[in-house]
2 protein chains.
Amino acid sequence: MELVNQADLDALFEFLPCRTPEAWIQEALNQEEMLLLNHCYLEQCAARNALQLMFRCPDKPDVLSKMSKLAREELRHFEKVHELLTKRGYIYKSHQPSRYAGLMNARIRKINPGQLIDSLIVGAYIEARSCERFASLAPHVDEEIATFFRSLLKSEARHFKDYLTLAQNHSAEPIDERIAMFGEIERNAIESEDDLFRFHSGVPLVAD
Amino acid sequence: MELVNQADLDALFEFLPCRTPEAWIQEALNQEEMLLLNHCYLEQCAARNALQLMFRCPDKPDVLSKMSKLAREELRHFEKVHELLTKRGYIYKSHQPSRYAGLMNARIRKINPGQLIDSLIVGAYIEARSCERFASLAPHVDEEIATFFRSLLKSEARHFKDYLTLAQNHSAEPIDERIAMFGEIERNAIESEDDLFRFHSGVPLVAD
């Protein structure tokens, strides 16, 4: 299996404002079913977001091309997670999503080109965080899940760069300030307490 | 190239309430740019519809599996039509959609299981009509487009059957009456006059 190289992974860790807290990793190991269930759902969401961007950008061939390929990959991942879920006897069902994407989406500007650029930056954070969580979990989970997560690392690392490159290409100005602004929201979502365990949730609340 | 077999094509022609009127074919040959532009857009719509069904059916593994694969195929077709458009110097842009899908969608029941079954039947008609139009156009267009349309025939013929099978599988009753009802709407959309030329439009209005 072709694995992600360390330089790609380092670039991704540098982009993200923080690493996943240890307490989240411990909780994830106790909640395998919800981890996989929510992961499965997020692959669908990633495909939907890419498709939505395509509908909003008929005049941008680079967005169309990258997002179409990305949506196909996310759907392929969806199929694989769903297969793994089924194999383990878990039932895929609807469940309350985490606060994570919503916190960033709420700050996306309402008018283009700002709307497109912000949406792409948020896309980059979601992909980068997913990738970082696969890398953080892989050493702790069983061999089957670890192998699967490692297989996802490579494409997810590429997706985060695709999103960032598109954001820069469609902005007349530097996007560093927007990246930093969304980075602060992302850090807060990951490092603050969160009462709902999900793939992108924050630090689990400890019951008294 | 593996081609669709005649028996599959005959089953599809039998399912559809009518063949494409000759006047539409003649108009399509005069409107290559809009034909390809709208075809490109429809591949995106087909992927979006499949994904929407997935979000509505987390508890139906057969819908999830078939629709995820279908969405991936439609996105691959989108990429191919977009490539062809670009090669011919046409610019992909937003344009007013045809009345076709809207006429059928308006009759979809609002509550499940009726909503799901009707949506799947409408999906079958859209796929079958697309396939019939590829087959009807192929003998008349240039070699590059003809080869492309023939390559699409095989998967589109399969898609129509997938939709119908899912509709029957998720209905406790026979679905023949719903199929017939949507068939009448479909026939009317194809055989009545239509002032907008699109991939799924009706008989072109003749200017006096």
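The crossing of α6(B) and α7(B) is left-handed, a label given when the near helix is turned anticlockwise from the far one by less than a right angle (right-handed if clockwise). In this predicted model, local features need pLDDT of at least 70 and side-chain atom pairs count only at pLDDT 80 or more, while totals for chains, interfaces and linings use all residues. Residues are numbered from 1 along each chain as its sequence is written, chains are lettered from A and ligands numbered from 1 in the order in which they are written, and side-chain values use heavy atoms, with hydrogens and water left out.

Helix α6 of chain B spans residues 114-137 and helix α7 of chain B residues 143-169; the two pack at an angle of about 160 degrees, with axes 8 Å apart. Here helices (H or I, at least four residues) and strands (E, at least two) are DSSP runs, numbered from the N terminus. Axes are lines fitted to C-alpha atoms, for helices over the stretch in contact, and angles run from 0 to 180 degrees between N-to-C directions. α6(B) and α7(B) are therefore roughly antiparallel (over 145 degrees; under 35 is roughly parallel, 65 to 115 roughly perpendicular and the rest oblique). Contacts (heavy atoms within 4.5 Å) involve, among others, I117(B), L120(B) and F134(B) of α6(B), and F149(B), F160(B) and Y163(B) of α7(B). By class, this contact has 18 nonpolar, two polar and two charged residues, where Ala, Val, Leu, Ile, Met, Phe, Trp, Tyr, Cys and Pro count as nonpolar, Asp, Glu, Lys and Arg as charged, and the others, Gly among them, as polar.

In chain A, the axes of α4(A) and α7(A) come within 11 Å and cross at roughly 160 degrees, which makes this pair roughly antiparallel. The crossing is again left-handed. Residues that meet here include K66(A), E73(A) and K80(A) of α4(A), and E144(A), R158(A) and D162(A) of α7(A). The contact of α4(A) with α7(A) has ten nonpolar, four polar and ten charged residues.

Chain B superposes on chain A by a rotation of 180 degrees with 0.0 Å of shift along the axis (RMSD 0.0 Å), using least squares on the C-alpha atoms of residues with pLDDT of at least 70 in both copies. That is the relation of a two-fold axis. Within chain B, R72(B) has the C-alpha nearest the axis, 2.5 Å from it. Both copies use the same surface, as 100% of the contact residues of chain B recur in chain A.
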